[in-house]
Amino acid sequence: MIFIAVLLGGLTGFLAERFGLVRNGYVVSVTLGVGGATLAWFLQYALGVGFGFGRAMTSILGAAAMLLIASMRR
(Lines give C-alpha, C1' and ligand atoms only; values in the text may rest on other atoms or scores of the structure.)
Protein backbone atom coordinates (compact mmCIF):
# COMPACT_ATOMS: atom_id res chain seq x y z
CA MET A 1 0.00 0.00 0.00
CA ILE A 2 1.52 3.23 -1.16
CA PHE A 3 -0.22 5.19 1.60
CA ILE A 4 1.79 3.33 4.26
CA ALA A 5 5.01 4.02 2.33
CA VAL A 6 4.22 7.74 2.22
CA LEU A 7 3.47 7.82 5.95
CA LEU A 8 6.62 5.92 6.86
CA GLY A 9 8.75 8.07 4.57
CA GLY A 10 7.38 11.27 6.05
CA LEU A 11 7.87 9.97 9.58
CA THR A 12 11.44 8.91 8.79
CA GLY A 13 12.23 12.35 7.36
CA PHE A 14 10.68 14.13 10.31
CA LEU A 15 12.47 12.01 12.91
CA ALA A 16 15.81 12.33 11.12
CA GLU A 17 15.47 16.10 11.22
CA ARG A 18 14.15 16.13 14.79
CA PHE A 19 17.07 14.10 16.17
CA GLY A 20 19.63 16.13 14.22
CA LEU A 21 20.76 13.40 11.84
CA VAL A 22 20.27 15.73 8.87
CA ARG A 23 20.08 19.50 8.60
CA ASN A 24 17.90 20.09 5.55
CA GLY A 25 14.86 21.63 7.23
CA TYR A 26 11.66 19.83 8.11
CA VAL A 27 9.86 20.33 4.79
CA VAL A 28 12.82 19.21 2.70
CA SER A 29 13.54 16.20 4.92
CA VAL A 30 9.93 15.04 4.87
CA THR A 31 9.78 15.50 1.09
CA LEU A 32 13.00 13.53 0.59
CA GLY A 33 11.76 10.81 2.92
CA VAL A 34 8.47 10.48 1.08
CA GLY A 35 10.24 10.42 -2.28
CA GLY A 36 12.73 7.79 -1.20
CA ALA A 37 10.07 5.60 0.37
CA THR A 38 7.84 5.87 -2.69
CA LEU A 39 10.71 5.03 -5.02
CA ALA A 40 11.76 2.01 -2.94
CA TRP A 41 8.16 0.84 -2.68
CA PHE A 42 7.69 1.14 -6.44
CA LEU A 43 10.91 -0.75 -7.16
CA GLN A 44 9.85 -3.59 -4.92
CA TYR A 45 6.21 -3.70 -5.99
CA ALA A 46 6.51 -3.24 -9.75
CA LEU A 47 9.97 -4.58 -10.55
CA GLY A 48 10.55 -7.06 -7.73
CA VAL A 49 13.79 -5.37 -6.68
CA GLY A 50 14.04 -5.08 -2.91
CA PHE A 51 16.35 -5.42 0.06
CA GLY A 52 14.92 -8.76 1.17
CA PHE A 53 12.60 -7.17 3.73
CA GLY A 54 8.88 -6.46 3.75
CA ARG A 55 7.42 -3.43 2.02
CA ALA A 56 7.31 -1.34 5.19
CA MET A 57 10.98 -1.87 6.01
CA THR A 58 11.92 -1.33 2.39
CA SER A 59 10.11 2.03 2.49
CA ILE A 60 11.98 3.06 5.63
CA LEU A 61 15.33 2.04 4.13
CA GLY A 62 14.53 3.90 0.91
CA ALA A 63 13.69 7.05 2.86
CA ALA A 64 16.86 6.76 4.93
CA ALA A 65 18.95 6.23 1.81
CA MET A 66 17.47 9.28 0.11
CA LEU A 67 18.11 11.41 3.21
CA LEU A 68 21.68 10.12 3.41
CA ILE A 69 22.36 10.92 -0.23
CA ALA A 70 20.92 14.42 0.12
CA SER A 71 22.83 15.20 3.32
CA MET A 72 26.13 14.04 1.80
CA ARG A 73 25.65 16.40 -1.10
CA ARG A 74 25.73 19.52 1.07
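The overall fold, the surface and selected residues of a predicted model are described below. Residues are numbered from 1 along each chain as its sequence is written, and side-chain values use heavy atoms, with hydrogens and water left out. In this predicted model local features need pLDDT of at least 70 and side-chain atom pairs count only at pLDDT 80 or more, whereas totals for chains, interfaces and linings use all residues.

The protein contains three helices and zero strands, in the order α-α-α along the sequence. Helices (H or I, at least four residues) and strands (E, at least two) are DSSP runs, numbered from the N terminus. The C-alpha trace spans about 30 × 20 × 15 Å along its principal axes. The radius of gyration is 11 Å, which agrees with the value near 11 Å for a compact globule of 74 residues; this radius is taken over C-alpha atoms, and the globule rule is 2.2 Å times the number of residues to the power 0.38. Of the contacts with a separation of 6 or more, 54% join residues 24 or more positions apart, a contact meaning heavy atoms within 4.5 Å.

Of the 74 residues, 30% count as buried. Buried means under 20% relative accessible area, exposed over 50%, and partly exposed in between (1.4 Å probe, protein chains only). The protein exposes about 4,800 Å², of which carbon and sulfur atoms supply 73%; accessible areas come from the Shrake-Rupley method with a 1.4 Å probe, and for residues only the protein chains shown count as cover.

Met-1, Ile-2, Phe-3, Ile-4, Val-6 and Leu-7 make a nonpolar surface patch of about 590 Å². Patches consist of residues with over 30% relative accessible area and no salt bridge, with like charges joined within 9 Å and nonpolar side chains (Val, Leu, Ile, Met, Phe, Trp, Tyr) within 5 Å. A salt bridge is a side-chain nitrogen of Lys or Arg within 4 Å of a carboxyl oxygen of Asp or Glu. Val-6 lies in helix 1 (residues 2-18) and counts as partly exposed because its relative accessibility is 32%.

Rings of Phe, Tyr and Trp (its six-membered ring) pair if their centres lie within 6.5 Å; planes under 30 degrees apart count as stacked, over 60 as edge-to-face and the rest as tilted. By this rule there are two aromatic pairs. One of them, Trp-41 and Tyr-45, is stacked, at 4.9 Å centre to centre with 10° between the planes. Trp-41 and Tyr-45 are separated by about one helical turn because they are four residues apart in helix 2 (residues 26-47). Trp-41 counts as buried, at 13% relative accessibility.

Asn-24, in the loop between helix 1 and helix 2, is also buried, at 11% relative accessibility.
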